[in-house]
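The following note sets out a few points on the model for a colleague's attention. Please read them alongside the sequence and the coordinates.

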Amino acid sequence: MIDIKQLIDTDDLATFDPYDIWKSKLGYGVKALFNFNKYLGLIPAATLTIFDDLNDSSRIGYKKQEYPIVRAFAALTALRCYQNSKVNDWLIIAKRHLDWLMTNKAEFSEHYSWGINFKLSIKKDLVYPANVGFTTITPYALEAFDIYYQITQDESILPVFQGVYEFLENDIQIMYEDDLSMATSYGPSNDRIVTNSASYTMYSYAILSKYINNKEEINSKINKLYKFISKHQNEDGSWLYEPLSNNSFVDCFHSCFVLKNIIKTNTIISLEQSDNLIYKGIAYLKNNFFDSETGLYKRFSLSNKPSFIKWDLYDNAEMLNVLNLTNDIKSARSLNASIEKHFISRSRIYSQINYFNKKRKKDTLRWAVMPYIYALTYL
């Protein structure tokens, strides 16, 4: 039995991470080389991947780190536990993590945002510094601040909402726009169009519509972002990670992100024909990712690079969150039983299973223990 309170009732949520090898100076250099030329980088990348797998238990050379998304999930988990129990201790825990987030916002701008907290090479011409905020991370903190304010009416956190609004308005770029639709950047630059990023920006604006007076313009942006997401849903219900790229992929947990954000946005602002998008999206997930033998959801239905990972907790944790949001409790309980069977051993939660069926990446909170712990609060 996982003790949720023991896990999140702490001032220290520093954790090891599956990305530790690629955060190192050598790992970053190899990843940058692979992104520049995959043929030159393939052997070095494979070598580091093998070393990382052999180093999984000892974690030699790796350091634990705090991540904003872990703090955000800790706050969301505590708030959900409060809503379930009405025990005030959970509010105290949530506020501790919200205070951390207010103190540790991304440093690149005076506005409020949160990012991944390490330097990230995406493509040969795209590198994110460690200190920038992301549209994909900020909404988790924003949602936690929103729920906390709705419960407590604590006005000390109100500057966060204006600060996130300024981040979206001034730091995030419009990458595409026509009369009906728009897509925004992933980070604070003219970087790339990513489907789940657009959906996160949409959901952020929906939350902010409760606190910012400029509701007409906010609603227009929400609907334009939604139209972009809707337009780029494939006929089979899937979404490409980068809808305008010739070398994209379709995976489980990013697809779940899009669905989650549509579902949650629709609870605040009505989205036209969203039920149809959600139905098609969930049907695609169940038909293309679910493995009946294990009861788990696999990584990719369309991949653009090799992987040593057979099963990933992140895919299954986010699918669990989607099932919770759609009140498919029977499927959620069945999936959770499979997660417990395959990813949990002696109260330790593993994030990945390789092709030798070995559990890897023990208790890595960012990827993907905390998303899973949060999903449990619904069950």
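**Notes on selected helices, loops and contacts**

1. At 45% relative accessibility, Gln153 counts as partly exposed, a class lying between buried (under 20% relative accessible area) and exposed (over 50%), with a 1.4 Å probe and protein chains only. The model is predicted: local features need pLDDT of at least 70 and side-chain atom pairs count only at pLDDT 80 or more, whereas totals for chains, interfaces and linings use all residues. Residues are numbered from 1 along each chain as its sequence is written, and side-chain values use heavy atoms, with hydrogens and water left out.

2. Gln153 is located in the loop between α7 and α8, where helices (H or I, at least four residues) and strands (E, at least two) are DSSP runs numbered from the N terminus. The phi of Gln153 is positive, near 55°, in a residue other than glycine. Most residues other than glycine have a negative phi, and most peptide bonds are trans. Lys86 also has a positive phi, near 60°. Lys86 belongs to the loop between α5 and α6 and is exposed, with a relative accessible area of 55%.

3. Helix α7, which Gln153 follows, covers residues 138-152. Its 15 residues reach 21 Å from first C-alpha to last, close to the expected 21 Å, the expected span being 1.5 Å times one less than the number of residues. Twelve of the 15 residues of α7 are buried, so the helix is largely enclosed by the rest of the structure. Among the buried residues are Tyr140, Leu142, Glu143, Phe145, Asp146 and Ile147. The buried residues of α7 pack against α5 (68-85), α6 (89-103), α8 (158-171), α9 (195-208), α11 (252-266) and α13 (313-325).

4. Helix α4 (residues 38-54) has 17 residues and spans 23 Å between its first and last C-alpha, close to the 24 Å expected. Its buried residues are Gly41, Ala45, Leu48 and Asp52. An α-helix has 3.6 residues a turn, so residues three or four places apart point the same way. The buried residues of α4 pack against α2 (20-23), α3 and β12 (359-362). At the start of α4, a side-chain oxygen of Asn37 comes to within 2.9 Å of the backbone nitrogen of Tyr39.

5. Which residues form a nonpolar patch on the surface? Leu33, Phe36 and Leu40 do so, with about 300 Å² of accessible area together. Leu33 lies in helix α3 (residues 25-36) and is partly exposed, at a relative accessible area of 32%. Patch members have over 30% relative accessible area and no salt bridge; like charges are joined within 9 Å, and nonpolar side chains (Val, Leu, Ile, Met, Phe, Trp, Tyr) within 5 Å. A salt bridge is a side-chain nitrogen of Lys or Arg within 4 Å of a carboxyl oxygen of Asp or Glu. Accessible areas are Shrake-Rupley values with a 1.4 Å probe; for residues, only the protein chains shown count as cover.

6. Arg366 lies in helix α15 (residues 365-376) and is buried, with a relative accessible area of 11%. Its side chain is joined to that of Asp17 by a polar contact of 2.8 Å. A polar contact is a pair of N or O atoms within 3.5 Å; within protein, one must be able to donate a hydrogen and the other to accept it, and residues adjacent in sequence count only if both atoms are side-chain atoms. Leaving aside neighbours within four places in sequence, the residues in contact with Arg366 include Thr15, Tyr19, Tyr67, Phe118 and Tyr314, contact meaning heavy atoms within 4.5 Å.

7. Ala368 is also placed in helix α15. A cis peptide bond, with omega about 0°, joins Trp367 and Ala368.
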